[in-house]
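Subject: Structure handover

Hello,

Here is the structure you will be taking over. Please open it first, then read on for what was found.

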Amino acid sequence: MSQKKLRKGIIRTVQKFNATALSMGTSGNVSARTKDGFLITPTGIAYNEMHEEDIVFVDFEGSTDPSRATPSSEWRIHRDIYHSRPEIKAVVHVHSHYATAIACTRQEIPAFHYEVALAGGDTIRCADYATFGTQALSDNIAIALKDRTACLIANHGQVALGHTIKQAFLLAQTVEVLAKQYTLSKHLGGPVLLSEEEMKINLEKFKHYGVKGK
Ligand SMILES: [Zn+2]
């Protein structure tokens, strides 16, 4: 896909953040892989004031053109994901309400619903806390994302990966819906969790679903 199309796709996606309550203000960021690095949303520009030229190119060493906008302070998370996961083409990071609320308790989302398997495993893990924008935070997220395509981030938010920007965005939305449903079910006395066997079946079914859905 051309850089122009990716820039447009990134802007379209952040502009959906407010409408879908995935993130507010200037929090959250979106990126897409290119041949020699990735394109990412800039820091400090409101979603509805973002233009194609504000989307920043960052290479795999973390270098950017100093004459352009400054990339999101979380660019390390995106770079490290693209570096270690060649199949991933897009990353969405948001501070959505319910996912963040659970992340503030530093708990993972267990196998309370079959769609937990959409994130690649029988839980959605919560990455350990580290200061925002640091390499330590990116390292903690890499651990929580092992064999997964989404995780919560302690006292911070969530991150979702995809083969396309749209897929990463939809997964972030799914994680937020699951976080809300899990929170509600806890209020009703706590969910009955699915067995390891059931989750294996769900993971297998989603493997085929994912291929078809591309
Ligand atoms: Zn953040």
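One caution before the details: this is a predicted model.

Look next at S4 and S7. These two strands run antiparallel, and five bridges join them. Val94 stands opposite Gln158, a residue of S7.

**The helices against it**

Helix H4 covers residues 135–144. Its buried residues are Leu137, Ser138, Asn140, Ile141 and Ala144. Seen down the axis of H4, they fall within an arc of 160°, so they line one face of the helix. What do these buried residues of H4 pack against? Their partners are helix H2 (75–84), strand S5 (126–127), S6 and S7.

**The zinc site**

Three histidines supply the protein donors of the zinc ion: His93, His95 and His156. Each uses its NE2 atom, and the donors lie 2.1 Å from the ion. The spacing in sequence is H-x1-H-x60-H. His95 and His156 therefore link distant parts of the chain, 61 residues apart. His95 is in the loop between strand S4 (90–94) and helix H3 (97–104). His156 is in the loop between strand S6 (150–153) and strand S7 (157–162).

Are these two residues buried or exposed, or something in between? His95 is partly exposed, at a relative accessible area of 31%. His156 counts as buried, at 12% relative accessibility. The cut-off for buried is under 20%.

**Salt bridges**

How many salt bridges does a search of the whole structure find? The count is six.

- Lys4 and Glu52: the closest N and O atoms are 3.2 Å apart. Lys4 lies in helix H1 (residues 3–19). Glu52 lies in the loop between strand S2 (37–40) and strand S3 (56–59). The pair therefore ties together parts that are 48 residues apart in sequence. Glu52 is partly exposed, with a relative accessible area of 23%.
- Asp122 and Arg148: their side chains meet at 3.7 Å, N to O. This pair also links distant parts of the chain, 26 residues apart. Asp122 is in the loop between H3 and S5, and Arg148 is in the loop between H4 and S6. Asp122 is partly exposed, with a relative accessible area of 31%. Arg148 counts as buried, at 8% relative accessibility.
- Arg79 and Asp80: their side chains meet at 2.9 Å, N to O. Arg79 is buried, with a relative accessible area of 14%. Asp80 counts as buried too, at 18% relative accessibility.

**Where to look**

For a quick tour, begin at the pairing of S4 with S7. Go on to the zinc ion and its donors His93, His95 and His156. Then turn to H4 and its buried residues, which pack against S5, S6 and S7 among others. Finish with the salt bridge between Lys4 and Glu52.

Best wishes

Definitions and conventions:
Residues numbered from 1 in each chain as written. Predicted model: local features only at pLDDT ≥ 70, side-chain atom pairs only at ≥ 80, totals over all residues. Heavy atoms only, no water. Donors = N, O, S within 2.8 Å, 3.2 Å for Na, K, Ca; no water. Helix = DSSP H or I, 4+ residues; strand = E, 2+ residues; numbered from the N terminus. Buried < 20%, exposed > 50% of the residue type's maximum accessible area, 1.4 Å probe, protein only. Arc of directions from axis to C-beta. Contact = heavy atoms within 4.5 Å. Salt bridge = Lys/Arg side-chain N within 4 Å of Asp/Glu carboxyl O. Pairing = 2+ DSSP bridges.
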